[in-house]
Amino acid sequence: MTHSGELYRKQFSEVNMPQYRFIGVLLTLAGGFMLWKLNPIGLILFIAGIALALFREGIEIRIKERQFRSYTSIFTIFMGKWKPLPEIEYITIFNERVNQEAWMLSIHGNTLDEHIKVVIVHGNHQQIPVGIFKDKEMAVEAATKLATQLGTKLLDYTTKDPVWVL
């Protein structure tokens, strides 16, 4: 997470995109093997594999300009359209459970992941996700800094009874 006085940047891919990294590593290995065998298609696979392995998604917020964008980055190139930040009601922190099921013939797998999510709430309870964290203290710290810089309230919804932090 990058958080300066002018720019907030949080990458989401550490939680929701391990499949891209896995496929990217496999393509890189296959491309490397094909290059070793002097097959020119190996170069394409090698570059595609590295790009997939380094593919990231996240959000950037320009604090002073009050703009945000959901970005996609490959290597260190950030792509995404800047939009004006809507009128913010508050920022909230809450626990989120993500359940992923996988079926293959007669085999069934189920993966449950829990993390802390930070979102900007605006309009008719619409949300802009601004962070996914494994550690509550890091989530509260990032949300507090962001709420202070944006001049809005902060609601901690990680306990049974919600608490206004700011």
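## Trp164 and its aromatic partner

In this predicted model, Trp164 is partly exposed, with a relative accessibility of 45%. The ring of Trp164 pairs with that of Tyr90; the pair is classed as edge-to-face because the planes stand at 80°, with the centres 5.4 Å apart.

## Other ring contacts

The whole structure contains 3 aromatic pairs. One of them is formed by Tyr71 and Phe78, again edge-to-face, at 4.9 Å centre to centre and 75° between the planes. Tyr71 is buried at 3% relative accessibility, whereas Phe78 is partly exposed at 28%.

Phe78 also receives a charged group: the end of Arg9 is placed over its ring, 4.1 Å from the centre. In a further contact of this kind, the charged end of Lys10 lies over the ring of Phe133, 4.7 Å from the ring centre.

Leu29 is part of helix H2 (residues 18-36). With a relative accessible area of 58%, Leu29 counts as exposed, because that class begins over 50%.

## Confidence of the model

The protein chain has a mean pLDDT of 87, and 94% of its residues reach 70 or more. Among its elements, the mean pLDDT is lowest in helix H1 (residues 13-16), at 49, and highest in strand S6 (residues 83-84), at 95.

Methods: Residues numbered from 1 in each chain as written. Predicted model: local features only at pLDDT ≥ 70, side-chain atom pairs only at ≥ 80, totals over all residues. Heavy atoms only, no water. Helix = DSSP H or I, 4+ residues; strand = E, 2+ residues; numbered from the N terminus. Buried < 20%, exposed > 50% of the residue type's maximum accessible area, 1.4 Å probe, protein only. pLDDT = per-residue confidence, 0-100. Phe/Tyr/Trp six-rings, centres within 6.5 Å; stacked < 30°, edge-to-face > 60°. Lys NZ or Arg CZ within 6 Å of the ring centre and 35° of its normal.
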